[in-house]
Structure formats: C-alpha cells, structure tokens
Amino acid sequence: MAGRIRREDVTTVRERARIEEVVGEHVTLKPAGVGSLKGLCPFHDDRSPSFHVRPQVGFWHCFGCGEGGDVISFLQKIDGLGFTEAVEHLAGRVGVQLQYEEGGAVRPGEEPGRRQRLLEAHRHAAAFYAEQLLTPGAAVGRQFLAERGFDRSAAEQFGVGFAPQGWDHLLRHLRSKGFTEAELTVSGLLSQGNRGVYDRFRGRLMWPIRDVTGDVVGFGARRLLEEDQGPKYLNSPDTALYKKAQVLYGIDLAKREIAKRRQVVVVEGYTDVMAAHLSGVPTAVATCGTAFGPDHARIVRRLLGDTSAGGGVQLASGASTGGEVVFTFDGDEAGQKAALRAFGEDQKFYAQTFVAVEPSGMDPCELRQEKGPDAVQALVAGRQPLFEFVIRSTLRRHDLDTVEGRVAALRASAPVVAGIRDAALRPEYGRMLAGWLGMEAETVLREVSAAARRSRDGGERGSEPGRRHPTMPGPGERPGGAGPDGAPARPRLVGPDRTDPVAKLERNALEVLLQHPGAVDAAAVDDLAPDAFTVPAFRAVHEAIRAAGGLTSAAGGSPAAWVDRVREEAALPVQPLVLELAVTPLPEDRPDAVDGYARGVVTALVDLGITRRIADLRGRLQRMDPQREVEAYQAAFADLIALESRRRALRQDA
C-alpha cells in the first residue's frame, strides 16, 4: 500500500504552487487592497465578491460561507479530490518529485495518484488521436473539417483528432505507455464487451474536452462512416474526471476572454465553438451532449466575476452592464425549448441574458461558411434580450387574431414575465406584452401579478421563495451551521460585535501579526500578557501565536509558513478564524503605508494592555494599607510608575 507523502514535500508543493494562479483558473480575481485579491466564491451562490485570496500568506477565505484554506484544500474542494491526489496534481504542475513514507517513491499509476493517472491517459489519448488525423485512414475526417472551413491549423488549435477504425488501436498504444486495461476502462476510453475490452471510439472525428485548467477529461466523437450504427455524437461516459453536466467545451480557451470581456456566448456544438473563435468571438463555449444547466451556470458566473452592480441592464448603446450571457439557438421549435430551459437558468445570473438567432436558422458554423466571419460577429452583436425572445416565442404558439387566442397567449406568457428576476423590468415587459397582444396594460399587469402570486404559493420558479442569501458572519461564524454542500460544519467560535472598538482593535492587531509579522516590534508583542486580548476568540488566536513560538520565531521565515504554523497550533474551532484573519484585506490600502499602519495598530494594542494593567495597579493600591503593607505597597507603586513611564514613551514614539 502506498505511504503518505513526506511532510517536507507537501510544504514544498504548497510554497511553489502560486495560489492566485490556481484559484484564478476557476474564479475571476480582482485587486482588493494591498496584497489581496477577491472574487465570487465557487463554493456557494455568491452574488458579490466575498471570496478573498492573499498570495503572500498562501491562503484563501470566503467571508460569505466561512470556507477557507490553502492551495491544496482549494483544489480538493473545487475538483473533488482527496488530499494526496490534490498534492500530486500540484506537484506535477510545479515540478516537484514527491517521495512517500513507508516505501519511498510510488509509481504514478498506483494509488493514491489515480486521478493524475487518468489525466495522463487522456493526455496520451488526445495526442494519439491528433496524430491519427494526419494518416491516410483519416481522409474522411479531414474532408469533414475542410467542408466546414477548418484547415490543419484550426484542427491543431482545438486539438481535433481521429479515432482509427479497428478494435484496439488506442488500447495497444496506451499499453505501450504503461497503462493497464483496468485503468483505461475506468477512464472511459475503453468499453467492456463479451470478448474483453475494446476502443470506445472507432472511425470517428475526435474533440478533446478540457476542464477549465486545460486538462483533457473526456472526448466528443462525431460519426463519419455509413457503417457506423452508433449515435451521431458519442461522448465519454461519466467518470471520475468527466461529468457532462459540469463541463463546457472550449472553456479552457475562452476563460480569459470571458473574464476580460465579461461575456459568454453559449453555442450548441463543437464546430460552432471552433467557428465562433475563428470568427472573432473568443468567448464561445458549448455544452457536451446535455442542456445548459445549474452546474454550467455556476461555472459561467464564476468566470464572469462580480456582476451584481447594474446586472441585467442593457444600455442604449447596445452594451450591457454587469456582463452578458448570449445563447445561440436555432429558430425552430427545439431551439425555442432550449431558450425556455435557458430562461430557467437566468435566475443564476446577475448578468444580462440574451438570445442570438439567425433568421434563416443557420448555426455559427454554417454562418461562417456561407457569409464569413463578420456574419458570426454580427449574429452575436444582434442579440435580443432572452425575456423578449421567450415571450415572443410563447405568443407565436397562439392565434392572436381571435379573442380566445389572445387570452390563452396572455395566460401562457404572464408567468414568463412574472418570472423575470429584476422587479424593475417586470412592469416594463408587462406593458410590452400588452402592446404585442393588443390588450390594455392594466389587464396584462393584473394577470402578471396573479401569476407571480400563484408561483409563490405553489413554490414554483419566479421569485424563488425561501431562497436564502449568504450573510456576512462575524469572525469565526458560519451561516446555517453547515457547509455549502450540506455537510455538518466544523465547530466555530462566535464572533464579537464588530462595532466594539476594542474588539476591532484586537482583530486588526491579529491581522497584522499574521500577515506582516516583520513590520512590528516582535519583542513588544511577545511581552504581551496572556490576557492582552479580551475577546475569547481572539485570545485563542493569540494563544496559538504564543504556542507557535511567538512573533520572534516568525523572523526570517515566509509569511505563509508562519500562518501555517499558527494554524497548526490553534484548536480545531479556532483554525478557520486564523485563516480568516490571515486573508482579510487590511484597512490600509497604500503599499508604502502598510508597515506604518501595522506598527500603529500594535502600538495601540500594547498601549491598551498597559492602560489595563495601570488601572489594575491603581485599584490594587487603593485597596492596600500603605502603613501595614509597606513593602508590597512600595513595589506596586514602583510598578505603576514604571508602567506610566513606559506608556508615555510609547505614546511619544507613536
């Protein structure tokens, strides 16, 4: 059995893996003060940036759901990996050769590196398929691409390949790379039959499907040969790597442009993604054999970033604030149904949602062939709001020339208007609906209000009754007492009143001690009394700092190692608070003033502690009899004089 990864190697991986780069592949991060970044939390339904990353200390924390950790724990949560798998993935990324206890190095194909092994198999398979596209047997595949306007460079850009005919070409190739049949079967690259295993994909054009990090996790295969009796498109089955409801084809190529342009264009097929990118629409992605669903919406929302401000507003210029999601559908009935499903996911966005439909029914690939790249760009630029498209599609199913048809159309479309997320838009669309129906606006708005009430009473979509939005917890708190996945939460300390000036000072001081230990007088901090912090939660953090060797022990080391040491010394309920304090952006956002701010905060804390001790001594002296307790009184009085002198000097220096 494989041993544990050596602790030293885990530390090396954690230090070398840049947390802002790993997190940035999943979340759009923006500056949030000195050395701090923020974005939408990928672990709960975040509407405004509450997810913070502090690269200097190597940790992240969400102030909405209370989750936090280092680069390893982030990868564990975002990809559903075990600790060992996450470390192995990062080690491969940063070039660290791992060593294992109880037996030395472990062959990558053995547990616990299963995920990495499967990714390696997919990487080799993608390279194999790409090479096969150049062989004589793949002429039919090259012809398919050429007929749709894709040359060799386009195929290379998107990694398009060809699965040769025959039962075991890929199997034999991957065997030569050291993979076993059991591994390849689990990966979804092989199928199991009565006579054994064989290549799942044969005689088909192949598109590698990559996750947001760029790793190949599955394949999409297009039927080319008449003798192939399988479906037109065949995708990888759901595996430990590939979940079709959680991947978007092209996301690896589009993610940076999505974040930059605040736009996502959702098309329907692999060739549509290729055509869009080659036509100057680099934000195009596609689902893989399934409808656009909640998991896809979460991926898109994270990449769009914070879209809460002005979301859902289209300007007169045609642009939209808060980002935009553009769905391209065929104009037929199937396309209208797809639009209705997309409308169901609209509530997941604060971005404005649109539909782009080519009047003649051509998809982006056909449009590029027939009219050129400019026509694809024009298709996206000519998008119309999703609400309008859905309402008009609903109206087209009724005969508006008759009274009965208009009434039926009103009853069918009123719930659509009632389901619009932005309350300010509902009456406007209600009035537009009245104009399209040729009915009085009051009648239509009354029916829309009735539909909204029915939706709330029946628990249907619309206003999403009972929906809870995350609130900002106090230090160490966690909303609802459970994790975003519904699992029981760790025990957490209840935080103090944030308006309490003493609690605020103590919190700010701990933020400084964890984030900038070298900026303050370590000896003065280590001289603080055990009860220097009055808030129990903060006192527990201070105890962890003292247990880690005090601030003096942090000198010369990295901030990340210091925070990690404090976290290890902290009691289990205190560990999340340590991370929160280590990641919280400081009030001072000027780089050249951070050290001064840090010294000022710690000086104020030391001053507070001295003042508290002065008050205690004065009270003690008042209770003493100077005639009977001469020596004790004189010693206490001398201590008082020394403390007052120290406080005067401290304030003069400040």
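The protein chain contains 26 helices and 18 strands, where helices (H or I, at least four residues) and strands (E, at least two) are DSSP runs numbered from the N terminus. The model is a predicted one, in which local features need pLDDT of at least 70 and side-chain atom pairs count only at pLDDT 80 or more, whereas totals for chains, interfaces and linings use all residues. Residues are numbered from 1 along each chain as its sequence is written, and side-chain values use heavy atoms, with hydrogens and water left out.

Of the 654 residues in the protein chain, 51% are buried, a term that denotes under 20% relative accessible area, with exposed meaning over 50% and partly exposed in between (1.4 Å probe, protein chains only). The accessible surface of the chain comes to about 29700 Å², and carbon and sulfur atoms contribute 49% of it; these areas come from the Shrake-Rupley method with a 1.4 Å probe, and for residues only the protein chains shown count as cover.

Another open sheet of five strands has the order 13-12-16-17-18 and mixed pairing. Strand 13 (284-286) and strand 18 (384-385) stand at its edges with a single partner strand each, so one side of each is left without a neighbour in the sheet. Strand 12 (residues 263-267) and strand 16 (residues 324-328) run parallel and are joined by four bridges, with Val266 having Phe327 in strand 16 as its bridge partner. Helix 10 (residues 251-261) lies across strand 12 and strand 13, running at about 135° to strand 13.

Helix 16 (residues 386-395) and helix 18 (residues 425-437) have axes that come within 11 Å and cross at roughly 35°. In their contact, Phe387, Glu388, Ile391, Arg392 and Leu395 of helix 16 meet Leu425, Tyr429, Met432, Leu433, Trp436 and Leu437 of helix 18.

Leu605, in helix 25 (residues 594-623), has 2% relative accessibility and therefore counts as buried. Not counting residues up to four places away in sequence, Leu605 touches Leu505, Glu506, Ala509, Leu528, Ala532 and Phe533. Leu605 and Val525 are 80 residues apart in sequence, with a C-alpha to C-alpha distance of 9.1 Å. Asn508, in helix 20 (residues 501-515), likewise counts as buried, at 12% relative accessibility. With residues up to four places away in sequence left out, Asn508 touches Pro587, Tyr597 and Val601.

How values were computed:
Contact = heavy atoms within 4.5 Å. Axes fitted to C-alpha atoms, helices over the stretch in contact; angles between N-to-C directions. Pairing = 2+ DSSP bridges.
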